[in-house]
Amino acid sequence: MALSRAQTNSGESLISSTFASRYVRTALPRFRIPEQSIPKDAAYQIINDELMLDGNPRLNLASFVTTWMEPECDKLIQNSVNKNYVDMDEYPVTTEFQNRCVNMIAHLFNAPIGEDETAVGVGTVGSSEAIMLAGLAFKRKWQNKMKAEGKPHDKPNIVTGANVQVCWEKFARYFEVELKEVKLREGYYVMDPAKAVELVDENTICVAAILGSTLNGEFEDVKMLNDLLVAKNRLIRWDTPIHVDAASGGFIAPFIYPELEWDFRLPLVKSINVSGHKYGLVYAGVGWIIWRNKEDLPDELIFHINYLGADQPTFTLNFSKGSTTQQT
């Protein structure tokens, strides 16, 4: 039972039940700020009881999101919940943790960097933000190339399978890129690499392959896509790249299928996104976007801020956010 401490007119301390107080007996407005405040324990009890109507996260087997972590991770999260992730000068160790994560993942995905080189990437709220950033980089690189060649640069497109997650449709609609989808067929529920390459034209900013389809978890054949696209690029003298959406499979393939070529071992793979809150075993929401090298991320997309004194490069869609998941 929820208890609160009260005092009588004479100053005597009493213990009373939150459920017996007038704050629980009187309905609070749902869509307006109340005229009067209520004690913190009553507010907690009301909110906590209503949250009991949610599903139990431990029983959630449908949404591909981590719902349990070790108690030590929970402690780290609680210790970091009040740190603003973007204040790099104020929290340099948190920034260092992010950089370590980016480098670890880049090496895991076989990025062509030396042991002492710094990988190119950033932590994100999840794979949705990571895909937006990757798509913006592809679009800007394509626009710069078309401008340099004196060609129209107002009708970019991206080739994907019809099985892509909704964030790809969001990217296309929000940032005005035509989405060219390879239709699925009976018995084949992922993107067909041959049909994808057929859809590629001069305005294609990239082809997006999925390592772990949302529909059935299947890996698309990135190696075949790379080989077919290399041949087409060589024939027509294009340089159409590949992005791999490894939100689900990025933390599975390197350990279970280490011989599978899907990552930066393939020359046309220029960027990869992965979700920490799927099979990275971290609570929602954290993801990463990793680029093959610096040339694949246009400099004009990186902002430099100095609110706290020193130069802070940033490439994200949002600004302030908590530091919790980056440290776990």
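Reader: Strand β3, residues 120-124: mostly covered or mostly open?
Author: Mostly covered. Four of the five residues in β3 are buried. Bear in mind that this is a predicted model.

Reader: Which strand does β3 pair with?
Author: Strand β9, residues 287-291. The two run antiparallel and share five bridges.

Reader: What is the bridge partner of G123 in β9?
Author: W288.

Reader: Is W288 buried or exposed?
Author: Buried. Its relative accessible area is 7%, and the cut-off for buried is under 20%.

Reader: Which ring does W288 pair with, and in what geometry?
Author: The ring of F251. The centres are 6.2 Å apart and the planes sit at 85 degrees. Planes over 60 degrees apart count as edge-to-face, so this pair is edge-to-face.

Reader: Where is F251 in the chain?
Author: In the loop between β7 (242-245) and α9. W288 is in strand β9, 37 residues away, so the pair links distant parts of the chain.

Reader: And F251, buried or exposed?
Author: Buried as well, at 16% relative accessible area.

Reader: How many aromatic pairs are there?
Author: Five. One of them is F219 with Y257, which is edge-to-face. Centre to centre they are 6.1 Å apart, with 85 degrees between the planes.

Reader: Where do F219 and Y257 sit?
Author: In two loops, 38 residues apart. F219 lies between β6 (204-210) and α8 (222-236). Y257 lies between α9 (253-256) and β8 (269-275). This pair also links distant parts of the chain.

Reader: What are the relative accessible areas of those two, F219 and Y257?
Author: F219 has 24%, and Y257 has 40%. F219 counts as partly exposed, and Y257 does too.

Reader: Which surface patch includes Y257?
Author: A nonpolar one, formed by F255, I256, Y257 and L260. Together they have about 410 Å² of accessible area.

Reader: Switching to charges. What lies over the face of Y188?
Author: R185, at 4.4 Å from the ring centre.

Reader: Now the backbone. Which peptide bond is cis?
Author: The one from A284 to G285, with omega near 0 degrees. G285 is in the loop between β8 and β9.

Reader: Why bring that up?
Author: Because most peptide bonds are trans.

Reader: What is the phi of L281?
Author: Near 65 degrees, a positive value in a residue that is not glycine. L281 also sits in the loop between β8 and β9.

Reader: L281, buried or exposed?
Author: Exposed, at 61% relative accessibility. The cut-off for that is over 50%.

Reader: And what about the phi of N110?
Author: Positive too, about 60 degrees, and N110 is not a glycine. N110 is in the loop between α4 (92-108) and β3. N110 counts as partly exposed, at 35% relative accessibility.

Reader: Zooming out. How many helices and strands in the chain?
Author: Nine helices and 11 strands.

Reader: What box do the C-alpha atoms fill?
Author: Roughly 90 × 55 × 40 Å, taken along the principal axes.

Reader: Last one. What share of the residues counts as buried?
Author: 41% of the 328 residues.

Conventions: Residues are numbered from 1 along each chain as its sequence is written. This is a predicted model: local features need pLDDT of at least 70, side-chain atom pairs count only at pLDDT 80 or more; totals for chains, interfaces and linings use all residues. Side-chain values use heavy atoms; hydrogens and water are left out. Buried means under 20% relative accessible area, exposed over 50%, partly exposed in between (1.4 Å probe, protein chains only). Two strands pair if DSSP finds at least two bridges between them. Rings of Phe, Tyr and Trp (its six-membered ring) pair if their centres lie within 6.5 Å; planes under 30 degrees apart count as stacked, over 60 as edge-to-face and the rest as tilted. A charge sits over a ring if NZ of Lys or CZ of Arg is within 6 Å of the ring centre and within 35 degrees of the ring normal. Patches are made of residues with over 30% relative accessible area and no salt bridge: like charges are joined within 9 Å, nonpolar side chains (Val, Leu, Ile, Met, Phe, Trp, Tyr) within 5 Å. Accessible areas come from the Shrake-Rupley method with a 1.4 Å probe; for residues, only the protein chains shown count as cover. A salt bridge is a side-chain nitrogen of Lys or Arg within 4 Å of a carboxyl oxygen of Asp or Glu.
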